[in-house]
Amino acid sequence: MASKTTDVVVIGSGIGGLCCAALLAHYGKKVTVCESHTLIGGAAHGFERDGHRFDSGPSLYSGLSESPSPNPLRQVLDIIGEDIAWANYDTWGCRLPEGDFDTAVGADQFCEVLQRLRGPKSVAEWRELQRVMQPLASAAVALPTAAVRFDWGAVRTAAPFVPKLLKHSLNTLKLTGPFSRIMDEVITDPFARNWLDMLCFLLSGLPASGTSTAEVAFMFADWYRPNVQLDYPIGGSAALVEALAKGVTKHGGEIKTGSHVSGITTEEGRVTGVALRGGERIAAQTVVSNASIWDTLKLVPEGVLPKKFVERRSHIPPCESFMHLHLGIDAKDLPSDLACHYIVVNDWAKGVDAPQNLVLISIPSVLDPSLAPPGKHTLHVYTPGNEPYEPWAGMTRSSKAYAVQKEKRSEVMWQALERVIPDIRQRTTLNLTGTPLTHERYLRRYRGSYGPAIQAGKGLFPGPLTPVRGLLCCGDSTFPGIGLPAVAASGMIAAHSLIPTAQHQKSLSAITI
């Protein structure tokens, strides 16, 4: 017997799940979000320790502080009528095999870097790539994600954008293949090729050979437009999560933390709700799972999903996991021009996706001092989707072997930090180290994974639909790109697939795209 009844249950409060829930609540659905953790936000949740406010996951944001924007997350915020304060900047630091330098979003400054490091031929190739990518970028944003739905109503919601789509029809076909096809036709300079491989890896968890041209074209549309800036949410990722949560609760929706979904209940091939650990049941005609592909399969009763469907999805390869350092440091006498972000690559020859070869450093307190106590900085350092799970498999988190391995495997991050702040070890006053097992436990991530490693041209992301009536999916397992724009898009598509077309059209007419 269900103890509660709702229209839609959303499993998981990651950005994809919150976008879906906030939109459904906006459209008048009674929504309940069930989150296993005590904190909401999934991989984007924030937490506080000793006066330091940390981001658990994403640290690079763009296309969010202004409207209209091609960024699906900005489109969601516009629809639900929520926003937060943003800090703007345009420069980040690089510590690469070629040397140390700063670069910026926008076209011109990177050409100055290429001129200095590689010479005029490399600059000419980059300018040609920009020329080639311009129509592809226009094609990538010709149909806004806000207009997409996975039913016949898509014919009506996409109709206003058909002229623009037809205009870009030839280029649209090029968007589905791997970006390496475009890169190979234009770029011969080794450094520029490595740079593009790195950007692709940050977008999708795969190098250029596995990243779709559409993802890179979207980035070019966003990062290389005139007067472009990067954004950082004042208050950290937790502030962004809270804005989406407000979109749920202000319309009567509920977010239940510490509520672990143990299973999806069904009857005669249709969803009837969810069962929570501890025995509580929530009745609902629709369930949207923001859990990963692999974790969602575990929630559906055996025999309900077709065998081929289960086999196909369970064999989708996952990206690797993460190592994290969350640090509080003494900021005394640090340079005043310290950047918010640094990218460190140790050896191009190993490949950008090689274990521990690429390290990202985020110091958000240089933009938002409220994230750290006076005289301190808050740092987040991580190996983004390049930490293998196998060395950690079967380890006990309380064991001495685990502690030793944490120290050993985190050394690459300390060495990367020393390229930015040489005396970082002496300055550190708070040190929290995360591993793939941390990801697996707190984020309920299969193998602590970053998401599916589906290579462009060799497979497609499955989208929101499943064979079970009333069961949809959203999150990084359903839409290419893995990062914030992709998961926001997935949540928006799932939500719009559940509401009447007329409501969807009204929403589209109310926002400027």
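Accessible areas were computed by the Shrake-Rupley method with a 1.4 Å probe, and for residues only the protein chains shown count as cover. On this basis the protein exposes about 21000 Å², of which carbon and sulfur atoms supply 52%. The structure is a predicted model, for which local features require pLDDT of at least 70 and side-chain atom pairs count only at pLDDT 80 or more, whereas totals for chains, interfaces and linings use all residues. Residues are numbered from 1 along each chain as its sequence is written, and side-chain values use heavy atoms, with hydrogens and water left out.

The secondary structure comprises 19 helices and 21 strands, these being DSSP runs numbered from the N terminus (helices, H or I, at least four residues; strands, E, at least two). The radius of gyration of the protein is 22 Å, close to the 24 Å that the globule rule gives for 513 residues, so the protein is as compact as a globular protein of that length; the radius is taken over C-alpha atoms, and the rule is 2.2 Å times the number of residues to the power 0.38. Along the principal axes, the C-alpha atoms fill a box of roughly 65 × 60 × 40 Å. Of the 513 residues, 59% count as buried, a class defined by under 20% relative accessible area, with exposed meaning over 50% and partly exposed lying in between (1.4 Å probe, protein chains only). Among contacts (heavy atoms within 4.5 Å) between residues at least 6 apart in sequence, 73% join residues at least 24 apart.

Nonpolar cores were defined as sets of buried Ala, Val, Leu, Ile, Met, Phe, Trp, Tyr and Cys residues joined through side-chain atoms within 4.5 Å. The largest such core has 105 residues, and those with the most contacts inside it are I15, W126, L129, F179 and W195. Helix α1 (residues 15–26) gives the most to this core, contributing nine residues. Apart from it lies another core, of 27 residues, which includes M323, L334, A339 and W392. When residues up to four places away in sequence are not counted, L129 touches F179, I182, V186, I187, L196 and F220.

L73 and V487 are 414 residues apart in sequence, yet their C-alpha atoms are 8.4 Å apart in space.

Strand pairing was assigned where DSSP finds at least two bridges between two strands. In strand β16 (residues 321–330), nine of the ten residues are buried, so this strand is largely enclosed by the rest of the structure. β16 pairs in the antiparallel sense with strand β19 (residues 376–387) over nine bridges, and the bridge partner of M323 in β19 is T383. Antiparallel pairing also links β16 to strand β20 (residues 428–434), here over six bridges, with T428 in β20 as the bridge partner of I329.

Strand β17 (residues 341–345) is likewise largely enclosed by the rest of the structure, because five of its five residues are buried. H341, I343 and V345 point one way from β17, whereas Y342 and V344 point the other way, and all are buried. Three bridges join β17 to strand β8 (residues 91–96) in a parallel arrangement, in which R95 has V344 of β17 as its bridge partner. Five bridges join β17 to strand β18 (residues 358–362), the two running antiparallel, and V345 has L358 of β18 as its bridge partner.

An open sheet of three strands has the order β6-β10-β7, with antiparallel pairing. Its edge strands are β6 (61–62) and β7 (86–89), each of which pairs on one side only. The antiparallel pairing of β6 with strand β10 (residues 230–233) extends over two bridges, and S62 stands opposite L230 in β10.

With a disulfide defined as a pair of cysteine sulfur atoms within 2.5 Å, the count comes to zero disulfides. The sulfur of C94 is 14 Å from the closest cysteine sulfur, in C340, and is therefore too far for a bond; C94 counts as buried, at 0% relative accessibility. The sulfur of C319 is 13 Å from the closest cysteine sulfur, in C200, again too far for a bond, and C319 counts as buried at 6% relative accessibility.
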